[in-house]
Amino acid sequence: MRLQTAPSALILREVDPILVVGVAAGMELYENTTCPLLVADSVYHRLSTNRPTRVYRDGTIEQS
């Protein structure tokens with residue numbers, strides 16, 4: 001976050017409490033940074049790690 005190399009979002013299949021704590025700590029330490037956590041089990045299997053993925057504010061996930 002501080003070096004602007006963090007992911008813009010994390011897409012998970014299920015809730016991972018430690019990641020929630022990590023994001024909250026990062027927001028506290030480096031003001032004005034966010035990293036949305038999305039739980040998207042229903043679409044996770046369709047996502048490809050080799051294609052650019054866009055996550056919109058409303059939670060919509062789109063791949064190019």
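**Figure 1. Confidence along the chain of the predicted model.** In this predicted model, confidence within the chain reaches its lowest level in strand E2 (residues 37-39), where the mean is 69. Strand E4 marks the highest level, at 83. Averaged over the chain, the pLDDT is 76, and 77% of the residues score at least 70.

Figure 2. Two helices and four strands make up the secondary structure of the chain. Read from the N terminus, their order is β-α-β-α-β-β. The chain has 64 residues, of which 16% count as buried. Its accessible surface amounts to about 5,400 Å², with 51% of that area belonging to carbon and sulfur atoms. Among contacts in the chain with a separation of 6 or more, 53% are accounted for by residues 24 or more positions apart.

Figure 3. Gln 63 belongs to strand E4, which spans residues 61-63. With a relative accessible area of 17%, Gln 63 falls under the 20% limit and is therefore classed as buried. Its side chain makes a polar contact of 2.8 Å with the side chain of Thr 53. Gln 63 also lies 6.4 Å from Arg 51, C-alpha to C-alpha, although twelve residues separate the two along the chain.

**Figure 4. Ala 9 ahead of strand E1.** Ala 9 is located in the segment that precedes strand E1 (10-12). The relative accessible area of Ala 9 is 19%; because this value is under 20%, the residue counts as buried. Val 55 is 46 residues away from Ala 9 in sequence, yet the C-alpha atoms of Ala 9 and Val 55 are 7.3 Å apart in space.

**Figure 5. Gly 59 in the loop between strands E3 and E4.** The loop that holds Gly 59 runs between strand E3 (53-55) and strand E4. Gly 59 has a relative accessibility of 33%, which lies between the limits of 20% and 50%, so the residue is classed as partly exposed. A separation of 21 residues in sequence divides Gly 59 from Leu 38, while their C-alpha atoms are 7.3 Å apart.

Figure 6. Helix H2 covers residues 41-44 and includes Tyr 44. The relative accessibility of Tyr 44 is 34%; this value lies between 20% and 50%, and Tyr 44 therefore counts as partly exposed. When neighbours within four places in sequence are set aside, Tyr 44 is in contact with Ile 11, Leu 12 and Arg 13. For one of these residues, Leu 12, the C-alpha atom is 7.5 Å from that of Tyr 44, with the two residues 32 positions apart along the chain.

Conventions: Residues numbered from 1 in each chain as written. Predicted model: local features only at pLDDT ≥ 70, side-chain atom pairs only at ≥ 80, totals over all residues. Heavy atoms only, no water. Buried < 20%, exposed > 50% of the residue type's maximum accessible area, 1.4 Å probe, protein only. Polar contact = N/O pair within 3.5 Å; in protein donor to acceptor, adjacent residues only side chain to side chain. Contact = heavy atoms within 4.5 Å. Areas by Shrake-Rupley, 256 points an atom, 1.4 Å probe, with all protein chains shown as cover. pLDDT = per-residue confidence, 0-100.
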